[in-house]
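Please look over the sequence and the structure that follow, and then read on for a guided walk through some of their features.

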Amino acid sequence: MALTSSDVVLDRRSVTGKPVRSRRVVLFVAATVAAAVIALVIAMWLGGNLTQTTINGLVIGGTSNLTAWGLQASKLVMEASSVGVIGMLLGSLLLPQQDGGPSRATRRCLRTASWLALVWAVSTAFLLIFSWSDVVARPVTQLSITQLFTDTATTFPGAADFISSIAVALVIAVGVAVTANRWGVLLLLLLACYNLVPIALQGHASHGTLLKYSLIVHVIAVSLWVGGLGALLMHVRAEPAQLAVAVPRFSKLALGCYIAVAASGVITLLQLLGWSVPALWGSRYGDLGMLKLTALITLGVIGWWHRRHTVGQIRANEDEHAGRARRAFIRLAAAEIVVMAIAVAIAVTLSRTAAPDTIVLHGNQ
Amino acid sequence: MSYGSGRLTGAVRIIVVAIVSIAFVLVATPFADAHTALKASSPQDGSKIDKAPSQILLEFSLPILTIGYRVVVQGPDGHQYQVGTPYIVDNKLTQSLKPLGPTGTYRVDFRVVAADGHPQTFGIQFTLTKPGPAAGGAASVSALIPLPPPGSASAANNAPPWAPWTVSGLALIVIFGAVLFGRRTTHGID
């Protein structure tokens, strides 16, 4: 944990024997962020979250633009950072030990996890403010923080979920920074998975037991899968010996997560569409659902290529095949991360899009 | 291929467990309630009435919170007719009205936060066929009239007609692209 950033850079150079291809990395990160933001904006527009009903200046459908956009942006940052925390913790557990202790990649994973947990806490605090503003239909500037703590029930009854989530994220941030022990990391990983639940259930989830459970399974499996892949790509890509062990381990887990994500996702979608497959076609909710199905199938295809070619070969880290397999793994994983970022961005909007059974309109009968 | 039947059995086992647990969950849990919906209103949505109501009554399928509510009643003359704050008890909301004026369509737009914490917006409208008290007519006392169940495909929920086609086209391109990309990337590995 005592590594400074310059140590890490030197460290990567010495392992690969080549300078870090930082420009490519920056381009990739920029492309991923851009893809997520563009997906969020398109999904907000497609989901009808940009339209506000205004009559004589009285906003009926929502609150200010700041609240509408701030809500989505803070939710996206919160989702990304929570996935990151879980992935980094998982990644550090998948990596083999080096010289009887945590390897450099492990320590890098843990340090990133600690910072991301801090981002998680801060973005959840923003999410609290914007959700509050949204629920009570008042601009952010007119909210009374003191009243929130003295009289939660009539101010913003949902606040407790956010506050507990912020607290747990801070515990994780500090906990990771002082932990170098596998059991400790495992404990923090479980705590992080638990901490996904309160906010995940703020969406449409509170409408039934089945929906609740399928959403809990969905967010935890997605976080392990996406985050774990992100951790491998970010901190382990340049270390063949570590990849050779971690990738086959991760691959098994990823298959399990994929099945869990697909099953819970389909159940959630069908449930919210009232178990009517035709409702998929033509409703806003259904369109966003189809986009997520597309991402799921695309990731399934890429995962199939992984299992078919790269995972088996990467294990034999000595011969030249392994080098090719490693490069293929990194490229495929990078493509996966972009698709996953888009899917998460759509999910952020989807959790705020009304399912088709919920709207009553002017003279609709 | 470096993995044999052992790995495949593992995958199959996971799939079987997943299917069985899904089946179990499906059988064991009752189906969900939907979001809150508007159950009844007075005046009824889309109705034509000849006596002006003095208040709007709304009944929802879930209790609503006494935060974040807002009701706007707009007359055909563009004026707003709501007066005072709405009165909320459990799942019922009452909004007092100023004496209504001219004949024509009155729009009632309202936003409530259901007990589950979700803000929702609804709208109903009614048509006044004879002038209201403010325009010299008589006022009536309201009673709740149940709404017919809302259709599952109301207009605000519908995406633009081209959207599902675009989405499906995009899906085909992306999935096909993933197949090609995977083949190119893994070409010559084994």
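**A walk through the two chains**

In chain B, strand β5 is joined by five bridges to strand β8 (residues 104-113), and the two run antiparallel; strands are DSSP runs marked E of at least two residues, helices are runs marked H or I of at least four residues, and both are numbered from the N terminus. This is a predicted model, in which local features need pLDDT of at least 70 and side-chain atom pairs count only at pLDDT 80 or more, while totals for chains, interfaces and linings use all residues. Residues are numbered from 1 along each chain as its sequence is written, and chains are lettered from A and ligands numbered from 1 in the order in which they are written.

The loop between β6 (87-89) and β7 (92-96) of chain B holds Asp90(B), whose phi is near 55°, a positive value in a residue other than glycine. Asp90(B) counts as exposed because it has 11 C-beta neighbours inside 10 Å; a residue is exposed with 12 or fewer other C-beta atoms within 10 Å of its own, buried with 20 or more, and partly exposed in between, the C-beta atoms being placed from the backbone.

Turning to chain A, helix α2 (residues 22-46) has 25 residues and reaches 36 Å from its first C-alpha to its last, close to the 36 Å expected at 1.5 Å a residue, the expected span being 1.5 Å times one less than the number of residues. Among the buried residues of α2(A) are Ala36(A), Leu40(A) and Met44(A). The buried residues of this helix pack against α3 (65-94), α11 (284-314) and α12 of chain A, and also against α2 (162-185) of chain B. Ala36(A) is one of the residues touched by Val344(A), which also touches Glu79(A), Ala80(A) and Val83(A), leaving aside residues up to four places away in sequence; contact here requires C-beta atoms, placed from the backbone, within 7 Å.

Terms used. Contact = placed C-beta atoms within 7 Å. Pairing = 2+ DSSP bridges.
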